[in-house]
Amino acid sequence: MGSLEGRVAVLVGGGGGIGVACAAAFAKQGAKVVVADIDQRLADDAAGAVVQAGGEGFGVRVDALEEGSIDALVDDAIRRYGRLDIMHNLTSTTVLSPSVDLTTEQFERVLRTTVVAQFAGARAAARHMISAGSGGSVINMSSIGGHGGMPKRAAYTASAAAIVNLTRTLAVEWAEHGIRVNAIAPSWILTDALRNYDKQYPGVLDFDALQARIPAGRFGLPEEVADVAVFLASDASRFVTGVTLPVDGGVLSYVGPARSLSQPQAGPPDKSEPLGRTDR
Ligand SMILES: NC(=O)c1ccc[n+]([C@@H]2O[C@H](COP(=O)([O-])OP(=O)(O)OC[C@H]3O[C@@H](n4cnc5c(N)ncnc54)[C@H](O)[C@@H]3O)[C@@H](O)[C@H]2O)c1
């Protein structure tokens, strides 16, 4: 029996690489899974991954920033599956720009898509969980960028840091209702978004230099984030709330020089495909 047997999970912004892996992992553990994304095709693909994992669920187009949209999504999930136990908020976007050129509109768009939308997801879940008296688990997505500076990512890093403290505040406010609120802070995870980064922002990331900053010696895999999401969703973490858990191969613990690329890699073999052009 899976650790999420009989539970119902909703993922908002779940159509990205990490969302798909989490949706499939929740399904493998026995949960029914609803995946919402602003992009209908991505939501449907993620729902396909749920079915492929042997689970049941559906995908739906939702703009998390539309007032009331996630409350309606929660109602929909309850109508279909009778309960809500897990709300996983994954919406985010970024703008790469020198801070002196970053417009207020761009800054606000990142902040709204990340912090405001994730808050809306948490709030909709808590409204239901409190009135149902059922408790539950809310999982937000931060980043290692919420714990330190990254040039040209002022809006993203400010948003990721805001998620850390939003998570603490909601956790202490809703603890009396049996609702746990935690977040995950990944480092660089090998999703299609990272693979295609070079096309979107040519020459900005030197992938070898990045990997040399990771004590584990490699990028993370979406499934490695999903395993932690399952832990936070399940009773195995029943006394854990208010934390932001790094899933980062040791990045946040490391202040030494970049490791030598000739060192053997730790952990499972890197499943990476060639990552495109680097700065070397
Ligand atoms: N991939 C990484 O390396 C990495 C690293 C650190 C943190 N994270 C965080 O993990 C989370 C998931 O990562 P990912 O790589 O799958 O990201 P992603 O950008 O691919 O996924 C985010 C999803 O949110 C959706 N979205 C955006 N605005 C929305 C809205 N208004 N309403 C509904 N959906 C909306 C997008 O369509 C997208 O599918 C994000 O919060 C990201 O910031 C990822």
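**Notebook: a predicted chain and its ligand**

I began with Lys152, which is partly exposed, with 17 other C-beta atoms within 10 Å. Residues are numbered from 1 along each chain as its sequence is written.

**Entry: Lys152**

I found Lys152 in the loop between S5 and helix H5 (154–174). Helices (H or I, at least four residues) and strands (E, at least two) are DSSP runs, numbered from the N terminus. Lys152 has a positive phi of about 70°, although it is not a glycine.

**Entry: the whole chain**

I counted 9 helices and 7 strands in the chain. The radius of gyration is 18 Å, close to the 19 Å that the globule rule gives for 280 residues, so the chain is as compact as a globular protein of that length. (This radius is taken over C-alpha atoms, and the rule is 2.2 Å times the number of residues to the power 0.38.) The C-alpha trace spans about 55 × 45 × 35 Å along its principal axes. Of the 280 residues, 45% count as buried. I also looked at contacts, meaning pairs whose C-beta atoms, placed from the backbone, lie within 7 Å. Among contacts with a separation of 6 or more, 75% join residues 24 or more positions apart.

**Entry: helix H2**

Helix H2 covers residues 40–52, and its 13 residues reach 18 Å from first C-alpha to last, close to the 18 Å expected at 1.5 Å a residue. (The expected span is 1.5 Å times one less than the number of residues.) Which residues of H2 are buried? I noted Leu42, Ala43, Ala46, Ala47, Ala49 and Val50. They cover an arc of only 150° around the axis, which puts them on the same side of H2; the arc is that of the directions from the helix axis to the C-beta atoms. An α-helix has 3.6 residues a turn, so residues three or four places apart point the same way. The buried residues of H2 pack against H1, strand S2 (32–37) and strand S3 (57–61). On the face turned away from that buried side I saw the exposed residues Arg41 and Gln52. Just after H2, Gly54 takes a positive phi of about 90°.

**Entry: around the ligand**

How many residues surround the ligand? I got 29, and the closest are Gly13, Gly16, Ala64, Ser92 and Met141. (A residue is near a molecule if its C-beta atom, placed from the backbone, lies within 6 Å of it.) Helices H1 (17–28), H4 (104–132) and H6 (192–195) each supply at least two residues of this shell. The largest share, 3 residues, comes from H1.

Met141 lies in strand S5 (residues 136–141) and is buried, with 27 other C-beta atoms within 10 Å. Leaving out residues up to four places away in sequence, Met141 touches Asn89, Leu90, Ser92, Ala183 and Ile184. Leu232 sits in helix H9 (residues 222–233) and is buried, with 23 other C-beta atoms within 10 Å. With sequence neighbours up to four places away left out, Leu232 touches Ser137, Ile139, Asn182 and Ser237.

How values were computed
Predicted model: local features only at pLDDT ≥ 70, side-chain atom pairs only at ≥ 80, totals over all residues. Expected span 1.5 Å × (residues − 1). Buried ≥ 20, exposed ≤ 12 C-beta atoms within 10 Å, placed from the backbone. Contact = placed C-beta atoms within 7 Å.
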